[in-house]
Amino acid sequence: MTALLPTSIVGSLPKPAWLAEPEKLWSPWKLEGEVLAEGKHDALGLAADDQALAGLDIVSDGEQTRQHFVTTFIEHLDGVDFENRETVRIRDRYDASVPTVVGPVSRRRPVFVDDAKALRARTDRPIKWALPGPMTMIDTLADRHYGSREELAWEFAAILNQEARELEAAGVDIIQFDEPAFNVFFDDVREWGVAALERAAEGLRSETVVHICYGYGIKANNDWKATLGDEWRQYEESFPLLQQSTIDTVSLECHHSHVPVELIGLLRGKKVMVGAIDVASDVVETPEEVAATLRSVLPYVDADKLLPSTNCGMAPLAREVARGKMAALSAGAAIVRAELAG
Ligand SMILES: [Zn+2]
């Protein structure tokens, strides 16, 4: 990637209505068996094409083959009972029905490698693949075996590393770990969270990203954000640790967020994926709004380390809204790119 300000989405995109009920998380599949498998790959191809049409530089799978960014990965592991689901409180915020860990966890076979090969075959652009981070995984399940968040996180980190190495071998250029839990459990982040994340990324030659956000634009998250006050300083806890870490890039929430923009300076030296698209609103940003957000962070991140992106995944949005937001991201980045070149 040589172009300045390479653009990408954080991860998920809305699914076609024929595949799953739109504008909903954990939406059940509408197809079954082989037809479902074919439908997921068709949707993945469409998601890749939509990103290319919008002019994005880095292409993702839009998470079209996953019901959810965390549970789908967990459900493919041994030691997990996904039929006997339990209701747990996720990130101290909302209840969800999740799989249960009932024995030693292991990965019997690759989870997303075939999907990654399909994406690789669909586009010549660099591709990025998102995996859940270890801490966010343990926060999205019920544990009836390990009895230690840290111990389970290390197990997951080793499993994630196996998967990430195979994704890299399948042609994935950028591996992203989603760790929204880093904005909530600060003691764990300090004590073992960053170390477990580094373990997940160990030995990778591809670029590595950690995505930390305030969540999808769903009611439970929006209600939580309303309690955080005028200044959101959660990143102040994790950024200095990540600045010292082996992870190449940090993906963060910025546009329409109450995060003080100077906190980005805590990452100086790292690449930064800046969220210039609000995923909690149906209003499509103008290119000029995107450009304004990107300009606002330039005092805190070197231009050659700035990657314009979205605040979080766009799964809960309408497809047309998501397409509009991707086009705005692309056009807004082009404005700032031209300014920097001039
Ligand atoms: Zn997110």
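Helix packing in a predicted model

Analyst: In this predicted model, helix α9 (residues 287-297) and helix α10 (residues 319-341) have axes that come within 7 Å and cross at roughly 55°.

User: Which residues make the contact of α9 and α10?

Analyst: On α9 they are Pro287, Glu289, Val290, Ala291, Leu294 and Arg295, and on α10 they are Ala328, Leu329, Ala331, Gly332, Ala333, Ile335 and Val336.

User: What makes up the contact of α9 with α10 by class?

Analyst: There are 10 nonpolar, 1 polar and 2 charged residues. Gly counts as polar.

User: How do you know that α1 and α3 are oblique to each other?

Analyst: Helix α1 (residues 33-53) and helix α3 (residues 113-122) pack at an angle of about 40°, with axes 10 Å apart. Roughly parallel would require an angle under 35 degrees, and roughly perpendicular one of 65 to 115; α1 and α3 are therefore oblique. Their crossing is right-handed.

User: Which residues of α1 and α3 are in contact, and how do they divide by class?

Analyst: His41, Leu44, Gly45 and Ala48 of α1 meet Asp115, Ala118, Leu119 and Arg122 of α3. The residues of this contact divide into 4 nonpolar, 2 polar and 2 charged.

Key:
Residues are numbered from 1 along each chain as its sequence is written. This is a predicted model: local features need pLDDT of at least 70, side-chain atom pairs count only at pLDDT 80 or more; totals for chains, interfaces and linings use all residues. Axes are lines fitted to C-alpha atoms, for helices over the stretch in contact, and angles run from 0 to 180 degrees between N-to-C directions. Helices (H or I, at least four residues) and strands (E, at least two) are DSSP runs, numbered from the N terminus. Two residues are in contact if their C-beta atoms, placed from the backbone, lie within 7 Å. Angles under 35 degrees count as roughly parallel, over 145 as roughly antiparallel, 65 to 115 as roughly perpendicular and the rest as oblique. A crossing is left-handed if the near helix is turned anticlockwise from the far one by less than a right angle, and right-handed if clockwise.
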